[in-house]
Amino acid sequence: MESSRHLGSRQRAVNVQDYPEKDVILHLTGGGFFAHTIAGDLPYLLDWSGATNAVVICPEYALLPEHCFPVAIDQICTIYCSLLSGDAAPLLGFRTDKVIITGEAVGGNLAAALCVKLCVDQIVNVHAMQAKRQFGKTQDLEESFSSIEEGPSEALQHKAADEEITKMASPAGGPQCEYEEDQDFAIRLPDAMMLCCPALNMSLELSPSRVRGTNDPVLPRGLIRAISDGYLPPGKGLDKTDPVASPYYAPDDILRVFPPTLLCESTEDPLLDDTVSFNSRLRNLGVESDLRAAHNMPHAFWGLITAGFPEAKQVHLDCQEWLRQQFQRGCLGEMHD
């Protein structure tokens, strides 16, 4: 498998600009890493596509027991980079414009892990993103004084500030983004992320919601252990708190650049506490993140919208509207300028 670090930087045989642009929802299914749940996901995915006019792509990543961490997340990263770099355009017949990543249960794990991996592997320039967001805040402050005429000294100060931002984006001796030379196809984080009951924490540490949800009909306690030990087998030297395996443990400097996020949860989900904590961290770090809760639903309830549950239906409608609004807002960089 070709390394995702070099996608988008090699010579192309075709002019990708000749292909039309389309918005994409990259959806990662649940199934405990043992199966894909595409059949149950199709009804709401069709609704999402109809509401946003976006193309839905559902990659079938490698499953247990044959493939454990990090095979699946490596595959997802390669697919994502091929979409953003333009390499997938000849196969798909279009190039990606805006992209929102969605995922349920372990698919939510992979979606959040993708954002972490893009940063950890230096596929995206975290320093540049942090500097750009900080610069965006500075611009907002300046706009509040836009009626004041700028003199020569102020102009020189702003020029110096711009130079300082550039230094922040490329610190001496720091990592450089491999895609900056090809700005038309630069790899970036998703423009937004929407998750349902995500398995953000693959450790087996107990929380109040995991204790209360011991007998959840979809994710009982024994299955949580089976999934965790299958994905990160004991004895193989794999750390269950590795941020790429468990985004719950991602450091602040990475979470700080996460895209706008919507987290959907059930009050009965064993993973509720992990999601609530993750949402709080994102918000405290300045990320635009929101949590929508459905009452009396089991783990991974997105697929229940066709089963007559009004709680699931309302969350589904909220998700559709959120997706529509995010696609209308433009790319991640534009939203924070």
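Modeller: Let's begin inside: the largest cavity has a volume of about 30 Å³. A cavity is a set of points on a 1 Å grid over the protein atoms alone where a 1.4 Å probe fits but cannot get out. The volume is the space filled by probe spheres set on the points, joined across faces, edges and corners.

Colleague: Before we go on, where does the model come from?
Modeller: This is a predicted model: local features need pLDDT of at least 70, side-chain atom pairs count only at pLDDT 80 or more, and totals for chains, interfaces and linings use all residues. Residues are numbered from 1 along each chain as its sequence is written, and side-chain values use heavy atoms, leaving out hydrogens and water.

Colleague: Back to that largest cavity, which residues line it?
Modeller: Its lining includes Phe 33, His 67, Cys 68 and Tyr 231, where lining means having an atom within 4 Å of a point. By class there are eight nonpolar, one polar and no charged residues.

Colleague: What about the second largest pocket, how much space does it hold?
Modeller: About 390 Å³. A pocket is an open set of points with protein on both sides within 12 Å along at least five of seven lines. Of its 26 lining residues, Gly 31, Gly 32, Ala 105, Leu 219 and His 299 lie nearest the centre.

Colleague: And which helix gives the largest share of that lining?
Modeller: α8 does, with four residues. The lining of this second largest pocket divides into 13 nonpolar, 10 polar and three charged residues.

Colleague: Switching topic, what order do the strands of the sheet take?
Modeller: The open sheet of six strands runs β2-β1-β3-β4-β5-β6, with parallel pairing. Its edge strands, β2 (55-57) and β6 (289-294), each pair on one side only. Two strands pair if DSSP finds at least two bridges between them.

Colleague: How many bridges join β3 to β4?
Modeller: Five, between residues 95-104 and residues 192-196. Glu 104 stands opposite Cys 196 in β4.

Colleague: Last one: how far does helix α11 reach?
Modeller: With 20 residues (310-329), α11 spans 29 Å from its first C-alpha to its last, close to the 28 Å expected at 1.5 Å a residue. That expected span is 1.5 Å times one less than the number of residues.

Colleague: Which of its residues are buried?
Modeller: Among the buried ones in α11 are Ala 312, His 316, Trp 322 and Phe 327, with buried meaning under 20% relative accessible area (1.4 Å probe, protein chains only).

Terms used
Nonpolar A, V, L, I, M, F, W, Y, C, P; charged D, E, K, R; others polar. Helix = DSSP H or I, 4+ residues; strand = E, 2+ residues; numbered from the N terminus. Buried < 20%, exposed > 50% of the residue type's maximum accessible area, 1.4 Å probe, protein only.
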